[in-house]
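Hello,

Here is the structure I said I would pass on. My notes on it follow below.

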Amino acid sequence: MAQDTQLAGKTAFVAGGSSGINLGIAKRFAAAGANVVLISRSQEKIEAAAKEVSTFGKPAIGIAADVRDYAAVEAALKRTFDEFGPIDIVLSGAAGNFVAPALGMSANGFKTVVDIDLIGTFNVLRASFEFLRKPGASLISITAGQATRASMFQAHVCAAKAGINMLTQCLALEWGPAGVRVNAISPGPIADTEGMARLASTPEAEARVKSRVPLRRYGTKDEIADAALFLSSDAARYINGAILPVDGGSGCGDGAGDALLGLGA
Ligand code: NAP
Ligand code: COA
């Protein structure tokens, strides 16, 4: 197969890149020829991830940095710029989740998820601006269906991801004139991820989730990576401020109407 060179000579910064969906995206960026810098909290995990990403033949660096710590994020971005020059792609995907009713959640529990997901995304995108290729950079945040659909035991995530959607579109407005595009990907339930291990931890729960997806299956990390590569590519040059669902149609409805009519899975 011909080598993918879509991102040859470009540099990508991936926040929350030590595992799961974001690591899958980082690998796709590297496979398309980009230099990749990854950050996450754990030095050990992020170094291992960078090693995996570097097997695609381009330099990859893993840096321990918590997205809640603006100075640490800024230092990682500066190091990326010093090493590779202007940054072409920023992916902000660090997140935390646990399943708990609002009454089973302390103020700090709620704040922790908002801090990682929403404030963390602000920190990553805001701190990146100075180091971006302008015009031309593509910024992508990772949101979720909870941003637009209230979900039981997910008040913290729903609030945080709703904020990410609006933040993404506000930055698209403000930074579009500088030639910087800001979009989001909203994955549906994705197989073999920490997120789904937490949200659907039994085979019964998994079957229930799949029955609500119009395509009747989980998505794959590769399918999210395909969308991230598209949004980072020249083919998406006029796409700005989009919240792109990659969810098998999950966002089209909640199945409640079908249930009322006795239809459904
Ligand atoms: P994951 O493997 O747990 O990925 C989360 C990543 O964020 C890890 O690399 C983690 O690494 C990092 N991280 C967590 N807190 C951090 C912090 N404070 N600072 C820096 N990095 C931090 O989960 P995933 O399921 O693949 O989810 C990835 C993204 O997709 C998330 O934004 C999630 O909301 C979104 N999403 C997932 C699904 C799904 O089906 N899984 C569906 C919709 C949306 P360390 O532990 O090393 O810090
Ligand atoms: N139910 C209720 N509250 C919970 C909880 C749960 N299952 N898990 C954590 N919390 C609360 C803690 O009790 C604490 O509040 P307190 O100080 O009032 O007791 C608060 O959340 C912070 O917990 P802590 O463990 O100190 O946070 P952390 O910053 O070390 O970790 C988490 C962040 C909690 C989100 C952790 O689950 C995490 O690291 N997740 C990353 C991986 C992940 O979630 N992947 C899926 C992405 S979709």
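How far does a polar side-chain atom of Arg198 lie from an oxygen atom of ligand 2? The distance is 2.8 Å. Please keep in mind that this is a predicted model.

Two other residues make contacts of this kind. A polar side-chain atom of Ser106 is 2.5 Å from an oxygen atom of ligand 2, and one of Arg41 is 2.9 Å from an oxygen atom of the ligand. On its own, ligand 2 exposes 940 Å², of which the protein buries 56%.

The elements that contribute two or more residues to the shell around ligand 2 are α4 (107–128) and α6 (194–199). Helix α4 gives the most, with four residues. In total, 16 residues surround the ligand, and the closest are Arg41, Asn97, Ser106, Asn108 and Arg198. Sorted by class, the shell holds eight polar, four charged and four nonpolar residues.

I also looked at helix α8, residues 221–232. Its twelve residues, at 1.5 Å a residue, should span 16 Å, and the C-alpha atoms at its ends are 17 Å apart, so the two values agree. Buried residues in α8 are Ile224, Ala225, Ala227, Ala228, Leu229, Leu231 and Ser232. These buried residues pack against one helix, α1 (20–31), and against the strands β4 (89–92), β5 (138–142), β6 (181–187) and β7 (243–246).

Regards

Terms used: Residues are numbered from 1 along each chain as its sequence is written. Chains are lettered from A and ligands numbered from 1 in the order in which they are written. This is a predicted model: local features need pLDDT of at least 70, side-chain atom pairs count only at pLDDT 80 or more; totals for chains, interfaces and linings use all residues. Side-chain values use heavy atoms; hydrogens and water are left out. A residue is near a molecule or strand if one of its heavy atoms lies within 4 Å of it. A polar contact is a pair of N or O atoms within 3.5 Å; within protein, one must be able to donate a hydrogen and the other to accept it, and residues adjacent in sequence count only if both atoms are side-chain atoms. Accessible areas come from the Shrake-Rupley method with a 1.4 Å probe; for residues, only the protein chains shown count as cover. Ala, Val, Leu, Ile, Met, Phe, Trp, Tyr, Cys and Pro count as nonpolar, Asp, Glu, Lys and Arg as charged, and the others, Gly among them, as polar. The expected span of a helix is 1.5 Å times one less than its number of residues. Buried means under 20% relative accessible area, exposed over 50%, partly exposed in between (1.4 Å probe, protein chains only). Contact means heavy atoms within 4.5 Å.
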